[in-house]
Each structure stands twice: as C-alpha cells, then as structure tokens.
Amino acid sequence: MKVTQAEFMISAAGPAQFPEDALPEIALAGRSNVGKSSLINKMILRKNLARTSSQPGKTQLLNYYRINESLYFVDFPGYGYAKVSKTQREQWGRMIEEYLKTREPLKLILHVIDLRHEPSKDDQAMYDWLKHYGLPVCIVATKADKIPKSKWQKHIKMVKETLQADPQDKVILFSSETGLGRDELWLHILQACGL
Ligand code: GDP
C-alpha cells in the first residue's frame, strides 16, 4: 500500500467525538510500551506521527489517524501499566467496551503482542474480551528483530497457545525496526476493509 497521506485527526474521549464519515476503522490494542505507536509510524512510513513512549497509561483517549482518506487507525490507550488507578482502569474499560460493542465502521482489531515474551494476563484478558464480542482480530507479534529468526516459529507457537488463539485469527510477525510484516499486514488490513 502506498501511503500518500496520513494525518492525526483527533484524540476522542467518547462517541460524540468519533468521526462521522463512516470510513473503515482498524483499532490497535496492546499493553503500554508494546510498540503500537512504532507500528503505526512504520505502517505509514512517518517517523513521528504517532507519539512513541508517551507517558504510558496516562492518556485515556482514542487516537484517530486518517490514512489516504480511506481508512482510520484507532489507537487504544495501552493497558497493563501498573501505576494506573482503579478508577482510570474502569474508565478505560468502559470506553473501550462501548467502542467495541457499538462502533459500526470497526473492521479489524490489531492485537499487538511482544513476540519475545509469553502474553501477560492482561494480554489474555484483552484477547478473550475481543473474542467475546465476536470481533475479527489479527494478532501482530512485534519486536521480531529482537530475537533470532530461528526462534520465531517457537515464539509464535507460544503466543498462540497462551492466548488460546482462534485458528481463524491471523498472526503476523512484525518489526518496526526492519519493516518485517508490513506488506503482509497492509494486505490483511485492506482486505478486512474491503478496499
Ligand atoms: P507504545 O507504548 O505501544 O506506543 O510503544 P512504542 O511504540 O512507544 O515503543 C516502545 C519502545 O519499544 C520504544 O523504545 C520503541 O523504540 C521500541 N520498539 C517498538 N517497536 C519495536 C520493534 O519492532 N523493534 C525494536 N527493536 N524496538 C521496538
């Protein structure tokens, strides 16, 4: 996919601020620091449009990025950050749940996981939640450059097994450093959007 235009649209606090143009939406869920912003930047080939390592857990907003005037990336606030209060966590849950349950243009969720480690309890809970709502998920296992190629398949197996991943869900190896998986992920996104 040739990205000719990518712009940050809005940090939305709730449905009243979601775009109304009905373009397909691709949401990104993952724990704080997993590499979501880097993934967005790699997908659109911009260095810094999505903010990397911005105060983990603090922004309880959905960040909308519009790509080529044809789809949105919707970046969820990262989960699993220890210093977040119970109230903030509940607020996060309500906002995400509302979005997942009701957002008509949502076409696919990229569940971003760190390929190096066994998915955390929070990762498992997030995945179960997505499946509970019957949503199409693509598991993106990122930071692949940090482990040797010979171990990739072993780690993919671990990720799938720990999450008890639905065999229908695609799993894509990714690296924001090398661009591994970028083309494959774009193909899958465009297909999910019917573009
Ligand atoms: P976010 O909190 O999920 O948005 O995570 P960031 O995109 O800010 O990434 C967190 C840290 O991981 C940063 O230091 C990134 O440079 C690093 N990082 C993210 N993706 C990759 C990757 O694919 N490979 C490597 N080696 N580092 C990565």
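Buried residues make up 34% of the 195 residues in the protein chain. Keep in mind that this is a predicted model.

Now the overall layout. The chain has five helices and seven strands. From the N terminus, the order is β-β-α-β-β-α-β-α-β-α-β-α. The radius of gyration is 16 Å, close to the 16 Å from the globule rule for 195 residues, so the chain is as compact as a globular protein of that length. Along the principal axes, the C-alpha atoms fill a box of roughly 45 × 40 × 30 Å. Then the contacts. Take those with a separation of 6 or more: 75% of them link residues 24 or more positions apart.

Let's go to strand 4, residues 71-75. How many of its five residues are buried? Five of the five, so the strand is largely enclosed by the rest of the structure. Buried here means 20 or more other C-beta atoms within 10 Å of the residue's own. In a regular strand, side chains alternate between the two faces of the sheet. In strand 4, both faces are covered. L71, F73 and D75 are buried on one side. Y72 and V74 are buried on the other.

What about its partners? Strand 2, residues 25-30, runs parallel to strand 4, with four bridges joining them. There, A27 has V74 as its bridge partner. Strand 3, residues 62-67, runs antiparallel to strand 4, and five bridges join this pair. Y65 stands opposite F73.

Last stop, the turn. Strand 3 and strand 4 form a hairpin with three residues between the strands. In that hairpin, N68 takes a positive phi near 50 degrees.

Key:
Residues numbered from 1 in each chain as written. Predicted model: local features only at pLDDT ≥ 70, side-chain atom pairs only at ≥ 80, totals over all residues. Helix = DSSP H or I, 4+ residues; strand = E, 2+ residues; numbered from the N terminus. Rg over C-alpha atoms; globule rule 2.2 N^0.38 Å. Buried ≥ 20, exposed ≤ 12 C-beta atoms within 10 Å, placed from the backbone. Contact = placed C-beta atoms within 7 Å. Pairing = 2+ DSSP bridges.
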